[in-house]
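Please examine the sequence and the structure shown below. The paragraphs that follow lead through the contacts between side chains.

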Amino acid sequence: MLKCLVLVSVFVLPAAPVFAGDASLAVQYFYDNLGAESGLENRDRFAGPALEFLNAADAAWNRDETLCLGFGFPVDAQDFDDAEIARTLKLDETVDGDTARVVARFNNFGEPSEVEWTLEQTTAGWQVSDVASTANDWRLSTLSCE
């Protein structure tokens with residue numbers, strides 16, 4: 001009887017939002033939903049410099065349809081093979097207090113890629129505060145829409 005109660009309790013626990021858990025789960029969301037980084041409905045997954053850049057990119061687009069970012073920053077590329085990325089994705093998480101670093105490693109069209117995510121713990125959970133590629137030498141916090 002006790003086994004049944006334990007098993008049932010596992011299935012009735014409410015599901016928490018993805019971005020309220022571990023930092024790597026917050027990053028995993030963007031690889032499970034490639035392209036979601038540009039959706040206004042996902043702005044609550046960002047904070048700090050990353051949110052500032054995305055808001056500036058939105059303002060530039062609304063002003064004169066200037067495209068500030070011509071690639072998908074989760075995959076560090078314009079084109080991607082979502083099946084290959086999903087199959088090869090590995091996330092390495094390091095947490096130091098209210099800051100986390102998640103390194104996403106994956107293959108895209110047979111080429112190894114690495115994207116570094118910086119997150120901060122807020123009342124809303126882990127939020128992305130910066131994203132960077134060392135291979136292509138960019139960081140959201142240093143990009144400009146001007």
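A charge sits over a ring if NZ of Lys or CZ of Arg is within 6 Å of the ring centre and within 35 degrees of the ring normal. R45 provides such a case, for its charged end sits over the ring of Y29 at 3.4 Å from the centre. This is a predicted model, in which local features need pLDDT of at least 70 and side-chain atom pairs count only at pLDDT 80 or more, while totals for chains, interfaces and linings use all residues. Residues are numbered from 1 along each chain as its sequence is written, and side-chain values use heavy atoms, with hydrogens and water left out.

Y29 also belongs to a cluster that ring pairs build with F30, Y31, F46, F73, F106 and W117. Rings of Phe, Tyr and Trp (its six-membered ring) pair if their centres lie within 6.5 Å; planes under 30 degrees apart count as stacked, over 60 as edge-to-face and the rest as tilted. The structure holds eight aromatic pairs. In one of them, Y31 and F106 are tilted, at 5.7 Å centre to centre and 55° between the planes. Because Y31 lies in helix α2 and F106 in strand β2, this pair ties together parts that are 75 residues apart in sequence. Helices (H or I, at least four residues) and strands (E, at least two) are DSSP runs, numbered from the N terminus. Both Y31 and F106 are buried, where buried means under 20% relative accessible area, exposed over 50%, and partly exposed in between (1.4 Å probe, protein chains only).

The structure also holds one disulfide, a pair of cysteine sulfur atoms within 2.5 Å. This bond joins C68 to C145, with 2.3 Å from S to S.
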